[in-house]
Amino acid sequence: MDRLDETDERILIELTENARATFAEIGERVSLSASAVKRRVDRMVDSGVIRGFTTVVDRNALGWTTEAYVQVYCHGTIAPDDLRAAWRAIPEVVGAATVTGPSDALLHVLARDMRHLEEALERIRASADIERSESIVVLSNLIERGDAQRTRAIV
C-alpha cells in the first residue's frame, strides 16, 4: 500500500476508538459509503497497515491485579524467535521485548496475586536458558495509554 491518505487516517482513528462500529457508522463520520469504507479497510488489512482485530479485557475485572516488569538475563546468546516461542505459551506474559543494556529481555507480566506471580516467574525461568531474572512489581500505574491514543498520536 502506498501512503495513507487523510480519509484512511480518519478511518483508522474511528476504528481504534470503536472497533465495533459498522462500516456505515464509520462512513457517516468520514463522508463515505459503507462499501467504500469496507474497501479501504480491506486494503489496509491486505497491506499490513491493520494487523488484526482484538478484544481488550480489563485485567482488574478478571482479578489479575498484580503487575510486574521482569528483566531476563540469558546464558549466552538466544535468538529472539526462541525467546518468543518459549514465552508465548505463558499467559501471564502480556508483553516481551529484547532490550539493550545488561539484561537480554524485558517482560511485562500480569498475575492474580504474588503467589501467582511467583509461579509465573518459575515457569518463565524454566522456559529458556535463563541465567537469572530481576522483577520490579508495579505499585500503581500513573499513565496508561490505550492503542487508540497511540494511534491518534501516530496519525
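What is the volume of the second largest pocket? The second largest pocket has a volume of about 190 Å³, a volume being the space filled by probe spheres set on grid points joined across faces, edges and corners.

This is a predicted model, in which local features need pLDDT of at least 70, side-chain atom pairs count only at pLDDT 80 or more, and totals for chains, interfaces and linings use all residues. Residues are numbered from 1 along each chain as its sequence is written, and side-chain values use heavy atoms, with hydrogens and water left out.

**View 1. Lining of the second largest pocket.** A pocket is an open set of points on a 1 Å grid over the protein atoms alone, where a 1.4 Å probe fits, with protein on both sides within 12 Å along at least five of seven lines; lining residues have an atom within 4 Å of a point. Helix 4 (80–88) gives the most to this lining, with five residues, and strand 2 (93–98) supplies at least two. Helices (H or I, at least four residues) and strands (E, at least two) are DSSP runs, numbered from the N terminus. Among the lining residues are Trp87, Arg88 and Thr98.

**View 2. Strand 1 (residues 66–74) and its partners.** Seven of the nine residues of strand 1 are buried (under 20% relative accessible area, 1.4 Å probe, protein chains only). Strand 1 runs antiparallel to strand 3 (residues 105–111), with seven bridges, and Tyr69 has His108 as its bridge partner there. Strand 4 (residues 130–137) also pairs with strand 1 in the antiparallel sense, over seven bridges; here Arg132 is the partner of Tyr73. Pairing requires at least two DSSP bridges between two strands.

Conventions
Buried < 20%, exposed > 50% of the residue type's maximum accessible area, 1.4 Å probe, protein only.
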